[in-house]
Amino acid sequence: MTKNLRAAYALALLAIVCLLISAPSHAQSVYGSIFGTVTDKTGAVVPGATVIVTDEAKGTVETETTNGSGDYTASHLVPDTYDVKVTIKGFKTAITKGVVVQADVAPRVDIALEIAGATSETVEVNAD
């Protein structure tokens, strides 16, 4: 082999090694999330609602507020079973229980609120 050919092979090998070293690694996610949209019974979105996501086993709480489109996202949740509670003045409190979150999975939990009658009324839904 000539000197130039060996140098070209060495350079090519170095380029391949550099590409392999700098290639992005895709780590596994250890968290999941819950997302959805809060509406009223007519389908109109409800911005500004408080969404409380509670881990049933650990009791940890994540609180979110719906945006102008009625959407919310609770992210970085440890895989477990959660309850999703939505409150806003003028509507009955709604609770969805038993939402299972797995790593790198985002279950959608849309909630339709009912207009409040008595202030202590709660609507409960099971995720099953």
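The structure is a predicted model, in which local features need pLDDT of at least 70, side-chain atom pairs count only at pLDDT 80 or more, and totals for chains, interfaces and linings use all residues. Residues are numbered from 1 along each chain as its sequence is written, and side-chain values use heavy atoms, with hydrogens and water left out.

Start with the overall layout. The chain has 1 helix and 8 strands. Helices (H or I, at least four residues) and strands (E, at least two) are DSSP runs, numbered from the N terminus. Read from the N terminus, the order is α-β-β-β-β-β-β-β-β.

Next comes the surface. Of the 128 residues in the chain, 27% are buried. Buried means under 20% relative accessible area, exposed means over 50%, and partly exposed lies in between (1.4 Å probe, protein chains only).

Contacts tell how the chain folds back on itself. A contact means heavy atoms within 4.5 Å. Take the contacts in the chain with a separation of 6 or more: residues 24 or more positions apart account for 60% of them.

Ser33 gives a local view. Ser33 sits in strand E1. Is Ser33 buried or exposed? Ser33 is buried, with a relative accessible area of 15%. Neighbours within four places in sequence are left aside here; beyond them, Ser33 is in contact with Ala74, Ser75, Leu77, Val101, Val105, Ala106 and Pro107.

Now look at two paired strands. Strands E2 and E3 pair in the antiparallel sense over 5 bridges. Two strands pair if DSSP finds at least two bridges between them. Ile52 stands opposite Thr63 in E3. E2 and E3 form a hairpin, with 5 residues between them. Gly59 in the turn has a positive phi of about 80°.

Move on to the charged side chains. Side chains of opposite charge can pair when their charged atoms come close. A salt bridge is a side-chain nitrogen of Lys or Arg within 4 Å of a carboxyl oxygen of Asp or Glu. How many salt bridges does this rule count? The count comes to 5 salt bridges.

One of these joins Glu114 and Lys41, at 3.9 Å from N to O. The pair links distant parts of the chain, 73 residues apart. Glu114 is in the loop between strand E7 (111-113) and strand E8 (122-126). Lys41 is in the loop between strand E1 (32-40) and strand E2 (50-55). Glu114 is partly exposed, at 26% relative accessibility. Lys41 is exposed, with a relative accessible area of 56%. Lys92 comes in as well: Lys41, Lys92 and Glu114 are linked in a network of salt bridges.

Asp80 forms a salt bridge with Lys58, and their closest N and O atoms are 2.8 Å apart. Asp80 lies in strand E5 (residues 80-87) and Lys58 in the loop between E2 and strand E3 (61-65), so the pair ties together parts that are 22 residues apart in sequence. Lys58 is exposed, at a relative accessible area of 52%.

Arg108 and Asp110 also meet through their side chains, in a salt bridge of 2.9 Å from N to O. Arg108 is partly exposed, at 46% relative accessibility. Asp110 is partly exposed, with a relative accessible area of 46%.

Some backbone angles deserve a look. Which phi does His76 have? The phi of His76 is near 55°, a positive value in a residue other than glycine. His76 is found in strand E4 (residues 71-77). His76 is exposed, with a relative accessible area of 58%. Asp104 is not a glycine, yet has a positive phi of about 60°. Asp104 lies in the loop between strand E6 (93-101) and E7. At 63% relative accessibility, Asp104 counts as exposed.

The tour ends at a glycine. Gly68 lies in the loop between E3 and E4. Gly68 is exposed, with a relative accessible area of 63%. Gly68 and Val46 are 22 residues apart along the chain, and their C-alpha atoms are separated by 7.7 Å. Leaving aside neighbours within four places in sequence, Gly68 is in contact with Val45 and Pro47.
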